[in-house]
Amino acid sequence: MANEARPCPCDIGDRFEYGGLGHEVQVEHIKAYVCKPSTSTEKAVIVIQDIFGWQLPNTRYIADMLAANGYIAICPDFFVGQKPWEPSDDWSTFNDWLKTRDASKVDREAGVVLKYLKEQCNAKKIGVIGFCWGGMAVHHLMLKNPELKTGVAIYGVIKYFEDRYSFLHSTFFIFGENDDYIPLEQVTLLEQKLKQHCKVDYRVKIYPGQTHGFVHRKREDLNPQDKPYIEEARKDMLNWLNKYL
């Protein structure tokens with residue numbers, strides 16, 4: 001039962017009826033959602049889920065958007081069959097739940113997906129984006145995996161990374177100004193650390209008035225005041241991918 005005194009600060013999104021334009025596949029030991037563009041391409045993007053899991057319609061909507069812009073998009077189950085977080089779950093247990101889903105332990109799954117993209121989809125240039133939990137996974141992978149040519153970490157929680165900022169390839173960080181889960185002082189510290197340690201191209205951008213989840217979980221057609229920033233962030237994400245893939 002949910003703890004009403006401490007509700008989950010994350011809105012799950014509202015594209016519940018969205019089914020997706022792609023299909024599900026089995027990639028070795030994990031399932032994945034794949035959507036391909038109408039014309040053949042050698043460019044692919046791995047989409048890493050938030051706490052609500054790989055089947056969240058809002059996340060598949062973004063994968064389909066990437067495919068519409070010319071990328072093979074794949075959203076694997078990085079929880080490897082473990083239950084995603086539910087809005088009705090007791091938020092006071094969240095930290096214990098998170099310990100069993102370590103965003104810095106995704107190397108095996110990333111390797112499996114990279115192999116699939118190269119061997120089954122003929123992908124030669126591969127990037128990665130991630131939301132929330134997935135943003136943390138992007139941060140980790142950009143430190144560790146040289147095969148990923150660029151990354152976009154979208155409101156990835158940064159407090160767990162301490163002094164690890166020596167990225168292998170270009171990395172773009174997207175944050176909301178009013179994100180209750182990622183205070184702006186943490187973003188400021190991130191910028192300072194990147195300036196000191198990062199030798200590749202990077203960017204940190206804060207979008208005015210936006211809360212956690214705004215890029216993929218807010219509906220741009222229901223919130224007129226948010227629409228310009230949602231669209232701007234998505235355009236910035238695509239421009240970054242276009243530049244480096």
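I began with strand S5 (residues 125-131): six of its seven residues are buried, so S5 is largely enclosed by the rest of the structure. Buried here means under 20% relative accessible area with a 1.4 Å probe, protein chains only. Strands are DSSP runs of E with at least two residues, helices runs of H or I with at least four, numbered from the N terminus.

The model is predicted: I took local features only at pLDDT of at least 70 and side-chain atom pairs only at pLDDT 80 or more, while totals for chains, interfaces and linings use all residues. Residues are numbered from 1 along each chain as its sequence is written, and side-chain values use heavy atoms, without hydrogens and water.

Next I checked the partners of S5. Strand S3 (residues 43-48) runs parallel to S5, joined by six bridges, and Val45 stands opposite Gly127. Strand S6 (residues 148-154) also pairs with S5 in the parallel sense, over five bridges; pairing requires at least two DSSP bridges. Ile126 stands opposite Leu148 in S6.

I then turned to Asp179, in the loop between strand S7 (170-176) and helix H5 (184-197). Asp179 is buried but has no salt bridge, and Arg217, the nearest side chain of opposite charge, is 8.0 Å away. A salt bridge needs a side-chain nitrogen of Lys or Arg within 4 Å of a carboxyl oxygen of Asp or Glu. I found the side chain of Asp179 reaching the backbone nitrogen of Tyr181 at 2.8 Å and that of Ile182 at 3.2 Å.

Methods: Buried < 20%, exposed > 50% of the residue type's maximum accessible area, 1.4 Å probe, protein only. Lys, Arg positive; Asp, Glu negative; His and termini not counted. Polar contact = N/O pair within 3.5 Å; in protein donor to acceptor, adjacent residues only side chain to side chain.
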